[in-house]
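Work through the exercises below with the sequence and the coordinates open. Each task is followed by a stepwise solution.

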Amino acid sequence: MEENIFYCSECGGAVEENDKVCPHCGAALDETAGEEEMEVETAAVFYSDVDAEIAKERLEEAGIKCYLSGSSDGSMRPSLVFSQGINLMVMKKDLKQAVEYLKGLNIIE
Ligand SMILES: [Zn+2]
């Protein structure tokens, strides 16, 4: 089984789980830092592209990094978007702030 294949964040080359440095470009592979950075939570779920985009823009104006998951960017099939909505994802550390901010704007309840 080839389950433990990872990819270098610098060059995109295949690396093994236990590699400390990339065998292709020599970049240090710091797994823990990468995971923390990618730790995101759903701040809100929208069922309209427009609402989701508005919320995303408001958060970005407030300096809160966020992205939409499940929107029509190809990350999910349209049929799934309809049933599951569009998730507004924020960094875990920004979750509380993001939710409070959107509540303050009456974008979410
Ligand atoms: Zn590399």
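**Exercise 1.** Which residues on the other side of H4 are exposed?

Solution. This is a predicted model, in which local features need pLDDT of at least 70 and side-chain atom pairs count only at pLDDT 80 or more, while totals for chains, interfaces and linings use all residues. Residues are numbered from 1 along each chain as its sequence is written.

Step 1. Helices (H or I, at least four residues) and strands (E, at least two) are DSSP runs, numbered from the N terminus. Helix H4 covers residues 95–104.

Step 2. A residue is buried if 20 or more other C-beta atoms, placed from the backbone, lie within 10 Å of its own, exposed if 12 or fewer, and partly exposed in between. Ala98, Tyr101 and Leu102 of H4 are buried. Seen down the helix axis, the buried residues of H4 fall within an arc of 95° (taken over the directions from the axis to the C-beta atoms), so they line one face.

Step 3. On the other side of H4, Lys96, Glu100, Lys103 and Gly104 are exposed.

**Exercise 2.** Find the strands that pair with S5 and the partners of asparagine 87.

Solution. Step 1. Two strands pair if DSSP finds at least two bridges between them. S5 pairs in the antiparallel sense with S3 (residues 40–46) over six bridges, and with S4 (residues 66–69) in the antiparallel sense over four bridges.

Step 2. Asparagine 87 in S5 is the bridge partner of valine 45, and serine 69 stands opposite asparagine 87.

Step 3. Five of the six residues of S5 (residues 86–91) are buried, so the strand is largely enclosed by the rest of the structure.

Definitions and conventions. pLDDT is the predictor's confidence in each residue, from 0 to 100.
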